[in-house]
Amino acid sequence: MRVDTTSPVPPYEQIRAQLAALIATGRLREGERLPTVRQLAADLGLAAGTVARAYRELETASLIRTRRGAGTRVAAPPTGTHRPDPAELAALAATFVSQARALGATEEEALGAVRGALRE
């Protein structure tokens with residue numbers, strides 16, 4: 001997980017969007033334990049309140065659940081058809097664009113990378 005502090009996307013939103021994407025794609029599975037708020041904040045060099053806000057938003061979206069003594073875990077996937085959240089997609093795109101620009105990628109190179117990833 002990465003947080004770009006120079007991005008216009010707030011750090012809590014970057015964390016939320018990245019975790020939501022990992023859950024949606026199955027890279028984080030139901031029941032997997034997430035790091036504590038303090039641990040993830042320390043790992044990312046952020047304030048604990050920033051990570052706590054991301055976790056609260058994920059909990060509100062029913063993607064994670066927190067139980068005293070059991071920690072924070074990935075929740076069971078919701079039933080029914082899942083449609084991507086436009087705000088989540090925009091946040092992921094903004095993070096990608098920021099990182100691609102930092103690498104010096106052109107617009108065409110970045111779009112080509114996205115197209116290739118979508119075909120996989």
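How far apart in helix α3 are R53 and E57, in residues and in helical turns? They are 4 residues apart in that helix (residues 48–60), which means a separation of about one helical turn. The points below take up this pair and the others.

1. Basis. This is a predicted model, in which local features need pLDDT of at least 70, side-chain atom pairs count only at pLDDT 80 or more, and totals for chains, interfaces and linings use all residues. Residues are numbered from 1 along each chain as its sequence is written, and side-chain values use heavy atoms, with hydrogens and water left out.

2. Salt bridges in total. The structure contains 3 salt bridges. The term stands for a side-chain nitrogen of Lys or Arg within 4 Å of a carboxyl oxygen of Asp or Glu. Side chains of opposite charge can pair when their charged atoms come close.

3. R53 and E57. These two residues form a salt bridge, with 3.5 Å between the closest N and O atoms. R53 is partly exposed at a relative accessible area of 36%, and E57 is also partly exposed, at 29%. (Buried is under 20% relative accessible area, exposed is over 50%, and partly exposed lies in between, with a 1.4 Å probe and protein chains only.)

4. E13 and R16. Their side chains meet in a salt bridge at 2.5 Å, N to O. Both residues sit in helix α1 (residues 11–24), 3 residues apart, or about one turn of the helix. Helices here are DSSP runs of H or I with at least four residues, strands are runs of E with at least two, and both are numbered from the N terminus. E13 counts as buried because its relative accessibility is 13%; R16 is buried too, at 9%.

5. R16 and E88. R16 also forms a salt bridge with E88, where the closest N and O atoms are 3.7 Å apart. R16 belongs to helix α1 and E88 to helix α4 (residues 86–103), so the pair ties together parts that are 72 residues apart in sequence. R16 and E88 are both buried.

6. T72. This residue is placed in strand β2 (residues 71–74) and counts as buried, with 9% relative accessibility. The T72 side chain makes a polar contact with the side chain of T66 at 3.0 Å. (A polar contact is a pair of N or O atoms within 3.5 Å; within protein, one must be able to donate a hydrogen and the other to accept it, and residues adjacent in sequence count only if both atoms are side-chain atoms.) Neighbours within four places in sequence aside, T72 is in contact (heavy atoms within 4.5 Å) with E32, R33, L34, Y55, I64, R65 and T66.
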